[in-house]
Amino acid sequence: MTISRNEALALDRDDALAQHKQLFDLPAGMIYLDGNSLGPLPHATAQRLQQVVYEEWGRGLIGSWNSAHWVSLPERIGDKIARLVGAAPGELVVADSTSVNAYKALGAALPLALAARPERRVVLSERHNFPTDLYIAQSLARQHGCDLVLVDEPGQIGPLLDEGNVAVLMLTHVNYRSGRMHDMAALNRRARAQSTLTLWDLAHSAGAVPVDLNGDDADFAIGCGYKYLNGGPGAPAFVWAHQRHAAHCVQPLSGWFGHAAPFAFHSDYAPAPGSRRFLCGTPPVLAMAALECGVDSVLSAGGMAALRRKSLALSSLFIDLVDARCGGHGLALVTPRADALRGSQVSLVHPDAAYPIMQALIAHGVVGDFRAPDILRFGFTPLYTGFADVWDAVDMLSGILASGEWRKPSYAERRAVT
Ligand SMILES: *Cc1c(COP(=O)(O)O)cnc(C)c1O
C-alpha cells in the first residue's frame with residue numbers, strides 16, 4: 001500500500017515531531033538520510049561551542065574545570081544518555097571512542113566471566129558485526145587465551161549459547177549493514193541461563209530505538225555519540241556496566257580520570273566506585289559540549305516511544321514505496337520487514353551498482369551511504385525527516401533507476417569515505 005505525495009504532506013502536517021527539524025542547521029534542498037552515520041548540526045551546538053571557547057576556556061581558563069563543571073561532564077552527559085537506553089543515573093559515562101570503549105568493556109567482562117568459569121573460552125559475535133568490534137574482540141580473545149567464534153546467521157546465536165561454552169556474547173544491537181535488530185531481552189535471558197555475560201554495542205540504537213538495559217538485564221553496553229545522538233564528527237562515546245559489575249570489575253585502561261581520587265595523585269591505582277572507573281584520561285571538553293547539545297536535541301522529543309513510532313512509519317513508507325516504484329532494476333531489500341526486527345535504517349542491496357546509484361542520489365541531494373560490497377543504506381531520523389522527504393527520496397531513486405543516470409562514469413569514482 002502506498003500513498004501520494006499529497007498524502008505524505010498531510011502526514012507531515014499532523015506530525016507532532018515535525019517542528020523539531022528547526023533545531024538543526026540542515027542544508028536547504030537536501031534530504032539527509034545519513035543521520036545513522038553522522039547526525040546533523042543542531043543550531044544550539046554552534047552557539048554553545050562559542051560560549052565554551054570564548055567564555056569558559058578564554059576567560060575562565062583552568063578555573064572552568066570547577067566553575068563550569070567540566071570535570072563532571074562525563075557523568076552529566078552520561079546521565080542524559082542513560083535516559084535514552086534504560087540506565088539509571090550514575091551508571092553510564094561518556095568517554096573515548098566506541099572502539100576504545102569496546103576494549104574497556106570487553107576487557108572488563110572477559111576476566112569476570114573467566115574467573116567464574118575458567119573452562120569456557122569463547123567470545124561469541126557475528127561475522128557481520130561492525131569490524132572495529134571484531135578487531136577489538138580478536139585482540140582481547142588472543143590476550144586471554146580465548147577463541148572468537150563468529151556466526152553467519154542471527155538464528156545460530158541462541159543454540160550456541162545453550163551449549164554453555166560462551167564466556168561473553170558481544171553483539172551490536174542493530175546491525176550497521178542490514179538494519180536488523182536483535183531481541184536484546186531474549187538473548188540476555190538465554191545468556192544468563194548459562195551465566196554468559198553480554199556486551200551490547202548500541203551505536204545504531206541510542207537515540208534510534210527504545211533500549212532498556214536494566215529492564216532487559218544486560219551486563220555491559222557501549223555506544224556512539226555522533227550517529228543518532230547528533231554529537232558531531234568523532235564525538236565521544238559512552239560505556240555502561242550493570243550495577244552488579246560496576247563496583248568490582250577491572251577495566252584494562254586504568255588511567256587517572258578513572259581513579260577514585262584523581263587529584264590526590266597517588267602512585268597506586270584505585271578505581272573510582274561505579275562506572276566512573278571506565279574513564280581513562282582527561283575528557284575532551286569541546287567535543288563533550290557539542291555532544292551534550294546533540295543529546296539534548298534527542299531528549300527534546302519527549303521520549304523514545306514517539307521517536308520509534310515515527311521512525312517505523314517512515315521506514316515502512318520507504319519500503320512500501322520502493323516495492324511499488326523501484327522494481328525490475330535488481331534492487332532487493334536486506335532489512336527485515338517486521339517492525340520488531342528493524343532498527344531505524346533500511347538497507348537495499350544491488351549486486352553491481354550500489355555505489356554509483358548512491359552517488360547519483362547524493363548528486364541530486366538525497367544523501368544516504370554505501371557499504372561495501374553492495375549495500376545502499378538509508379537512515380530514518382524522525383527529528384528532522386518528514387514523510388514527504390521519504391516520498392521525494394524514493395521518487396528520485398525511481399527516476400535514477402528508470403533513466404539509467406547512475407551509469408554516468410563520474411558516479412563510479414570511489415572516494416576515501418563511502
Ligand atoms: C559506528 C560504529 C562504531 C564506530 O567506532 P569508532 O570508535 O567511533 O570509530 C563502532 N561500532 C559500531 C557497531 C558502529 O556502528
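1. Leucine 49 is placed in helix H2; helices here are DSSP runs of H or I with at least four residues, strands are runs of E with at least two, and both are numbered from the N terminus. The model is a predicted one, in which local features need pLDDT of at least 70 and side-chain atom pairs count only at pLDDT 80 or more, while totals for chains, interfaces and linings use all residues. Residues are numbered from 1 along each chain as its sequence is written, and side-chain values use heavy atoms, with hydrogens and water left out.

2. Leucine 49 is partly exposed, with a relative accessible area of 27% (buried means under 20%, exposed over 50%, partly exposed in between, with a 1.4 Å probe and protein chains only). Beyond residues up to four places away in sequence, leucine 49 touches Leu286, Ala289 and Ala290, contact meaning heavy atoms within 4.5 Å. The C-alpha atoms of leucine 49 and alanine 289 are 6.7 Å apart, although 240 residues separate the two along the chain.

3. The protein is divided into domain 1 (5–42 + 303–412) and domain 2 (69–299), with bounds from an automatic or database domain assignment. Taken over C-alpha atoms, the centres of domain 1 and domain 2 are 29 Å apart. Domain 1 gives 33 residues to the contact and domain 2 gives 25 residues.

4. The largest nonpolar core has 55 residues, and Val85, Leu202, Leu213 and Leu229 have the most contacts inside it. Such a core is a set of buried Ala, Val, Leu, Ile, Met, Phe, Trp, Tyr and Cys residues joined through side-chain atoms within 4.5 Å. Helix H10 (residues 285–299) supplies the largest share of this core, 7 residues. Domain 1 and domain 2 each provide at least three residues of this core. A second, separate core of 37 residues includes Phe318, Leu331, Leu361 and Trp406. In soluble globular proteins, nonpolar side chains tend to be buried together.

5. Leucine 213 deserves a separate entry. Apart from neighbours within four places in sequence, leucine 213 is in contact with Val85, Gly86, Met184, Leu202, Ala218, Ala221 and Trp240.

6. Residues surrounding the ligand include Ser97, Thr98, Ser99, Phe130, Thr132, Asp133, Asp201, His204, Tyr226 and Lys227, a residue being counted if one of its heavy atoms lies within 4 Å. Helix H5 (98–116) and helix H6 (131–143) each supply at least two residues of this shell.

7. An N or O atom in the side chain of aspartate 133 lies 2.8 Å from a nitrogen atom of the ligand. For histidine 204, a side-chain N or O atom is 2.9 Å from a ligand oxygen atom. Tyrosine 226 places a polar side-chain atom 2.8 Å from an oxygen atom of the ligand. The protein covers 86% of the 390 Å² of accessible area that the ligand has on its own, by the Shrake-Rupley method with a 1.4 Å probe.

8. Most residues other than glycine have a negative phi, and most peptide bonds are trans. Leucine 61, in the loop between helix H2 (43–59) and helix H3 (64–67), has a positive phi of about 45°. Aspartate 217 has a phi near 60° and lies in the loop between strand E6 (197–201) and strand E7 (220–223). The peptide bond from alanine 372 to proline 373 is cis, with omega near 0°.

Terms used:
A polar contact is a pair of N or O atoms within 3.5 Å; within protein, one must be able to donate a hydrogen and the other to accept it, and residues adjacent in sequence count only if both atoms are side-chain atoms.
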